[in-house]
Amino acid sequence: LRFPLSPPQRPLHASAVLRRISDERQKEPGAASSQFDSGPGPLPEQESRGPHPSYTGQGGQESEDFESEEQLQHRILTAALEFVPEHGWTAEAIAEGAKTLGLSSAAAGMFHSDGSELILHFVSQCNTKLSEMLEQEQKLVQLGEAEKKPMDQFLRDAVEARLRMLIPYIEKWPQALSILLLPHNIPSSLNLLTSMIDDIWHYAGDQSTDFNWYTRRAVLTGVYNTTELVMLQDSSPDFEDTWRFLENRVADVMNMGSTANQVQSTGEALVQGLMGAAVTVS
Amino acid sequence: LLQQMWNQEKEHLKKFNELMVAYRVRPTVLLPLWNVAGFVLGAGSALLGKKGAMACTVAVEESISSHYNTQIRTLMEEDPEKYKELLQVIKKFRDDELEHHDIGLKHDAEEAPVYSVLKKAIQLGCKGAIFLSERI
């Protein structure tokens with residue numbers, strides 16, 4: 001079963017590549033079905049197998065000194081993040097980032113003018129950081145150095161950690177969200193969102209293989225999105241209102257599970273009652 | 001006998017559920033539909049009598065064995081070493097299913113009412129289910 005990927009934008013390869021590296025290091029035996037698996041793109045450490053980068057000059061044999069185009073774009077975008085609070089998610093920020101790397105600001109021409117790649121790069125980076133954090137946490141629990149958290153605490157902490165990564169950029173985040181919702185960005189942004197939510201559930205210990213798999217992810221996505229929106233309008237110290245909102249929403253998620261069970265048992269009790277009545281009458 | 005076959009199938013189900021979690025695979029959205037369809041098929045063919053149920057078994061096991069074989073081929077083409085364990089699991093399950101298939105035949109599946117029509121219909125349904133599940 002594969003996740004349908006839209007034709008990947010080249011800078012997204014870098015982020016996908018980064019994710020794949022951290023995935024390959026973290027996953028258990030049988031990493032075959034990572035959701036980004038169907039994406040092409042050479043790993044920077046390996047000999048080039050995939051699409052050849054454009055500035056390798058003659059021959060094309062990629063040695064370790066040569067940087068692929070993806071890597072370069074990746075570096076520029078990372079450098080550009082520093083300028084986002086001032087310039088927003090724009091080509092100006094990218095130009096400034098390029099300058100700090102010693103490149104001409106014309107390097108910003110490599111990217112779309114609406115800042116899409118910058119935002120997607122940032123989101124992908126945040127997701128990777130989150131995965132690494134969750135992986136670390138899991139290791140500590142496995143080594144017995146930390147207590148396993150109850151499910152609601154785990155979900156709260158994971159979502160909070162991920163949302164806190166937005167804090168330095170919170171002023172310009174509404175702009176970023178609206179760009180992520182542009183039709184040509186939706187496949188990528190949706191992909192990033194769903195894989196992040198899937199990651200959180202995986203580390204939370206979700207082992208469902210039935211329709212629950214979908215309900216849990218849908219519900220958590222809702223929690224994440226609404227909390228994100230609340231955060232954008234929150235002016236309380238250190239966003240306490242947002243975290244309280246999050247706590248309530250996660251509690252709802254937990255209740256939902258037990259409510260579903262209650263509905264089911266009530267239904268079953270009803271049926272049994274009816275059968276009993278039918279038997280008595282007949 | 002049925003109990004034995006049922007136990008083996010339960011074991012298959014359990015193993016696949018474990019594999020799904022280990023490989024972090026997304027379950028097909030149609031799963032609830034298949035649950036219902038499977039139940040209806042089983043109950044329906046049972047209503048046709050013992051031979052009907054056996055005919056259903058034969059049809060389904062044949063479809064499943066061929067599906068397993070396709071999977072084995074795909075995995076072998078990709079990387080037999082990497083998938084060694086998985087291949088072993090699938091091969092064992094395929095052999096189990098073939099055994100069920102033979103048991104079905106032994107118990108007069110072919111004498112069931114409208115055997116060939118029934119078998120074709122069931123196999124068509126199975127193929128369709130596999131096709132859709134691989135995509136959605």
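Biologist: Which conventions apply to the model?
Modeller: Residues are numbered from 1 along each chain as its sequence is written, and chains are lettered from A and ligands numbered from 1 in the order in which they are written. Side-chain values use heavy atoms, leaving out hydrogens and water, and in this predicted model totals for chains, interfaces and linings use all residues, local features need pLDDT of at least 70, and side-chain atom pairs count only at pLDDT 80 or more.

Biologist: How many salt bridges are there over all chains?
Modeller: A salt bridge is a side-chain nitrogen of Lys or Arg within 4 Å of a carboxyl oxygen of Asp or Glu. By this rule, the count over all chains is 18.

Biologist: Where does A:D199 lie in the salt bridge that crosses between chains?
Modeller: B:R24 and A:D199 meet through their side chains at 2.7 Å, N to O. B:R24 is placed in the loop between α1 (2–22) and α2 (31–47) of chain B, while A:D199 is in helix α8 of chain A; helices (H or I, at least four residues) are DSSP runs numbered from the N terminus. A:D199 is buried at 4% relative accessible area, where buried means under 20%, exposed over 50% and partly exposed in between (1.4 Å probe, protein chains only). The element that holds A:D199 is helix α8 of chain A.

Biologist: How many residues apart in sequence are the parts tied together by A:D206 and A:R216?
Modeller: The side chains of A:D206 and A:R216 form a salt bridge of 2.3 Å, N to O. A:D206 lies in the loop between α8 and α9 of chain A and A:R216 in helix α9 of chain A, so the separation of the tied parts in sequence is ten residues.

Biologist: What is the angle between the planes of A:W89 and A:W173?
Modeller: Rings of Phe, Tyr and Trp (its six-membered ring) pair if their centres lie within 6.5 Å; planes under 30 degrees apart count as stacked, over 60 as edge-to-face and the rest as tilted. The structure holds nine aromatic pairs over all chains. A:W89 and A:W173 are an edge-to-face pair, 5.7 Å centre to centre, with an angle between the planes of 70°.

Biologist: Which residues form a cluster through ring pairs?
Modeller: A:W89 is buried at 1% relative accessibility, and A:W173 is buried at 2%. Ring pairs link these two into a cluster whose members are A:W89, A:F122, A:Y169 and A:W173.

Biologist: Which residues does A:T227 touch, not counting residues up to four places away in sequence?
Modeller: A:T227 is located in helix α9 (residues 212–232) of chain A. The relative accessible area of A:T227 is 0%, so the residue is buried. Counting contact as heavy atoms within 4.5 Å, the residues touched are A:L163, A:T242, A:F245 and A:L246.

Notes:
Helix = DSSP H or I, 4+ residues; strand = E, 2+ residues; numbered from the N terminus.
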